Amino acid sequence: MTVKIAPSILSADFARLGEEVKAIDEAGCDWVHIDVMDGHFVPNLTFGPPIIKAIRPYTRKVFDVHLMIDPAQPSLEDYAKAGADIITVHAEADRHIDRSLQFIRSLGKKAGLSLNPATPENVIEYVLDKLDLILVMSVNPGFGGQSFIESQLDKIARIRRMIGDRAIDLQVDGGVTADNARRVVAAGANVLVAGSAVFRTSDYANNIAALKS
Ligand code: DX5
Ligand code: ZN
């Protein structure tokens, strides 16, 4: 299984966001992970569709948009138009997950569902065939630089079994480092999000390579 690295631009220099996106592209990232926070679902506020649209010309890589917003439904189309390729909503912020996933696909985008650390994996059971990606949060969402919550390894393994032979990416986000990446992949993840671990030094290529090896 090839592992994809999706650097989170939450840890980038916001004053130079376009150049930062170009830099992680050139450093060999697979996807660009974009953390949208609303100051309501999570205690932090980042950016929305206009900024995503502004950075879109800086790379052709997949824009993996992680919506930590409640409600997400009313603005899904705005994120699609801004240049998202994958749109991930949170199970805890959506009363109509099935509808949102279908709607994202109807916009021609890949549909993702994210679970907070305390959310059990059974919420995906009846929407498995409407999912392109499952995102396991291995920290409580809102901030970069937190420590990996070990209990999520078990959840990752269970979800990998639930996925079976379906073409669904299993992504893990929060506290992923070169030290624990191997265990996260061994549990079943195939996409690793990393903010601090990629942006901690200016040698992004080296930091991405360390996560991959
Ligand atoms: C947290 C975000 C993560 C975060 C990861 O709410 O979804 O993507 O930026 O950052 P690190 O890798 O620093 O834990
Ligand atoms: Zn994220």
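This is a predicted model: local features need pLDDT of at least 70, side-chain atom pairs count only at pLDDT 80 or more; totals for chains, interfaces and linings use all residues.
Me: Which residue has a side chain with an N or O atom 3.3 Å from an oxygen atom of ligand 1?
Reply: Gly 145 also contributes a contact, but through a backbone N or O atom, which lies 2.8 Å from an oxygen atom of ligand 1. The side-chain contact at 3.3 Å belongs instead to His 66.

Me: What share of the accessible area of ligand 1 does the protein cover?
Reply: Ligand 1 is surrounded by 20 residues, with Asp 35, Gly 145, Asp 173, Gly 195 and Ser 196 the closest. On its own the ligand has 380 Å² of accessible area, and the share of this that the protein covers is 99%.

Me: Which residue of strand 8 is the bridge partner of Ile 5?
Reply: Strand 1, residues 4–7, pairs with strand 8 in the parallel sense over four bridges. Within strand 8, Leu 192 and Ala 194 point one way, Val 191 and Val 193 the other, and all are buried. The partner of Ile 5 is Leu 192.

Me: What is the handedness of the crossover from strand 7 to strand 8?
Reply: Strand 7, residues 169–173, pairs with strand 8 in the parallel sense over three bridges, and Gln 171 stands opposite Val 191. Between these two strands the chain passes through helix 6, residues 181–187, and this β-α-β crossover is right-handed.

Technical notes
Residues are numbered from 1 along each chain as its sequence is written. Chains are lettered from A and ligands numbered from 1 in the order in which they are written. Side-chain values use heavy atoms; hydrogens and water are left out. Buried means under 20% relative accessible area, exposed over 50%, partly exposed in between (1.4 Å probe, protein chains only). Two strands pair if DSSP finds at least two bridges between them. A crossover is right-handed if, with the strands pointing away from the viewer, the path from the first strand over the helix to the second runs clockwise. A residue is near a molecule or strand if one of its heavy atoms lies within 4 Å of it. A polar contact is a pair of N or O atoms within 3.5 Å; within protein, one must be able to donate a hydrogen and the other to accept it, and residues adjacent in sequence count only if both atoms are side-chain atoms. Accessible areas come from the Shrake-Rupley method with a 1.4 Å probe; for residues, only the protein chains shown count as cover.
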